[in-house]
Amino acid sequence: MSTSFESGLDRSEPDLSVVVGERRHLLNLGYRLLGSLAEAEDAVQETYARWYALSPRQREAVDSPGAWLTTVAGRVCLDMLGSARVRRERYVGSWLPEPLPDRVEWSSVRADGGRAEPVDPADRITLDESVNMAFLVVLESMTPAERVAFILHDVFRYPFAEIADIVGRSPAACRQLASSARRRVGAAQPPAAPVAGRAALVRHFKEAWEARNIKALVDLLDPEATMTADGGGLVGAVLRPVEGSRLIAQYLIHIADKAPGLTLLERTVNGQPGLVAQNAGVTVTVAAFELAEGRVTRIWAVRNPEKLRPWTEEGAS
């Protein structure tokens, strides 16, 4: 997929392939730092814009273009995180990270709103434990500096000396930031369930929902389970988290009764078993789950259509 930063470049520059080859790494970094594919793409675009704003002599003086791009991308994301906190305070309802499909299901929507087309592999996010929804939600509770220090060090293995240059603090301070973030993650995430067990539990949940079996749903939910929905004010969604197994089950049955043509599909969501709801072939909801001790403890339902851009009829069917 072409991007505007590539237009007008002198393709004879010896470092072009190296610079452009960093795009996937920068996009992976940006998504984990921002929780939004759209914002990550904006951050990558700005990073490349700054690179090509340098004079040829300045670019030649850079020993490692990849390190330079990562440093700039980290600073751009740090600035964006600061402004994002303000925007999210004005967000209608709960804000959730943008869900990502499995690699084989990833599609892109054309700028003119036309039919989906395959995405270049360079634009796909690598799915691992650092992009599961529970992890990303915990990251949202961190300060921008904590998030940047933690992601760069614990996920991308950058030394604190380099992180200090991005965050504008000492290496010792960055180490403390990452340590604080690490404690938050450890306290918030339950032990991981086996993959097969997770998929089976989500399947049973889907079947109970389709059957409108409220007792089965209650049994599959932890008594203190929480469901959070993100409609962004653009579509109908509960504005506050729904708490408790019975209330969640009742709400889900209510949704099913209001949308008799709703189709539920088992799909990978941010690297974990999840569900995709389609209405007339259009993806309207992507649900991610947190599971512990054989029950569903959290449900994150993303309904904001602006966050469902990678999910299309082709990609989700």
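Visitor: Quick one to start. Phe 205 and Phe 289: buried or exposed?
Guide: Phe 205 and Phe 289 are both buried. Keep in mind that this is a predicted model.

Visitor: Got it. How many aromatic pairs does a search of the whole structure find?
Guide: The search turns up five aromatic pairs. Take Trp 51 and Tyr 52 as one of them. Their ring centres are 6.5 Å apart and their planes stand at 90°, so this pair is edge-to-face.

Visitor: Why those two values, a distance and an angle?
Guide: Because a pair of aromatic rings is described by the distance of the centres and the angle of the planes.

Visitor: And Trp 51, is that buried or exposed?
Guide: Trp 51 is buried, because its relative accessibility is 0%. Tyr 52 is buried too, at a relative accessible area of 19%. The cut-off is under 20%.

Visitor: Back to Phe 205 and Phe 289. What kind of aromatic pair do they form?
Guide: An edge-to-face one. The centres lie 5.3 Å from each other, with 70° between the planes.

Visitor: Where in the chain are Phe 205 and Phe 289?
Guide: Phe 205 belongs to helix α10, residues 195–210. Phe 289 belongs to strand β7, residues 282–292.

Visitor: Which residues do ring pairs link into a cluster?
Guide: Trp 51, Tyr 52 and Trp 68.

Visitor: What sits over the ring of Trp 95?
Guide: The charged end of Arg 88. That end is 3.5 Å from the centre of the Trp 95 ring.

Visitor: New topic: charges. How many salt bridges does a search of the whole structure find?
Guide: The count is 16 salt bridges. One of them joins Arg 32 and Asp 128, with the closest N and O atoms 3.3 Å apart. Arg 32 is in helix α2 (residues 23–34). Asp 128 is in the loop between β2 (117–118) and α6, 96 residues apart from Arg 32.

Visitor: Is Arg 32 buried or exposed?
Guide: Arg 32 is buried, with a relative accessible area of 2%.

Visitor: What about Arg 50? Which residue does its side chain meet in a salt bridge?
Guide: Glu 46, at 2.8 Å from N to O. Both are in helix α3, residues 37–53. They are four residues apart, so about one helical turn separates them.

Visitor: Why does four apart matter in a helix?
Guide: An α-helix has 3.6 residues a turn, so residues three or four places apart point the same way.

Visitor: How accessible is Arg 50?
Guide: Arg 50 has a relative accessible area of 36%, so it counts as partly exposed. Glu 46 is partly exposed as well, at 33%.

Visitor: Which residue forms a salt bridge with Asp 257?
Guide: Arg 212. The closest N and O atoms are 2.8 Å apart. Asp 257 is in helix α12 (residues 245–258) and Arg 212 is in the loop between α10 and α11, so the pair ties together parts 45 residues apart in sequence. Asp 257 is partly exposed, at 49%. Arg 212 is partly exposed too, at 37%.

Visitor: Where is Asn 270 found?
Guide: In the loop between β5 (262–269) and β6 (272–279). Asn 270 is buried, with a relative accessible area of 0%.

Visitor: Last topic: helix α9. How many residues does it have?
Guide: Helix α9 has 18 residues, 171–188. From first C-alpha to last, α9 reaches 26 Å, close to the 26 Å expected.

Visitor: Which residues in α9 are buried?
Guide: Cys 174, Leu 177, Ala 178, Ser 180, Ala 181 and Val 185. Seen down the axis, the buried residues of α9 fall within an arc of 160°, so they line one face of the helix.

Visitor: What covers the buried residues of α9?
Guide: The cover includes α6 (133–139), α7 (144–155) and α8 (160–167).

Visitor: And which exposed residues are on the face turned away?
Guide: That face of α9 carries Arg 175, Gln 176, Arg 183, Gly 186 and Ala 187.

Conventions
Residues numbered from 1 in each chain as written. Predicted model: local features only at pLDDT ≥ 70, side-chain atom pairs only at ≥ 80, totals over all residues. Heavy atoms only, no water. Phe/Tyr/Trp six-rings, centres within 6.5 Å; stacked < 30°, edge-to-face > 60°. Buried < 20%, exposed > 50% of the residue type's maximum accessible area, 1.4 Å probe, protein only. Helix = DSSP H or I, 4+ residues; strand = E, 2+ residues; numbered from the N terminus. Lys NZ or Arg CZ within 6 Å of the ring centre and 35° of its normal. Expected span 1.5 Å × (residues − 1). Arc of directions from axis to C-beta. Contact = heavy atoms within 4.5 Å. Salt bridge = Lys/Arg side-chain N within 4 Å of Asp/Glu carboxyl O.
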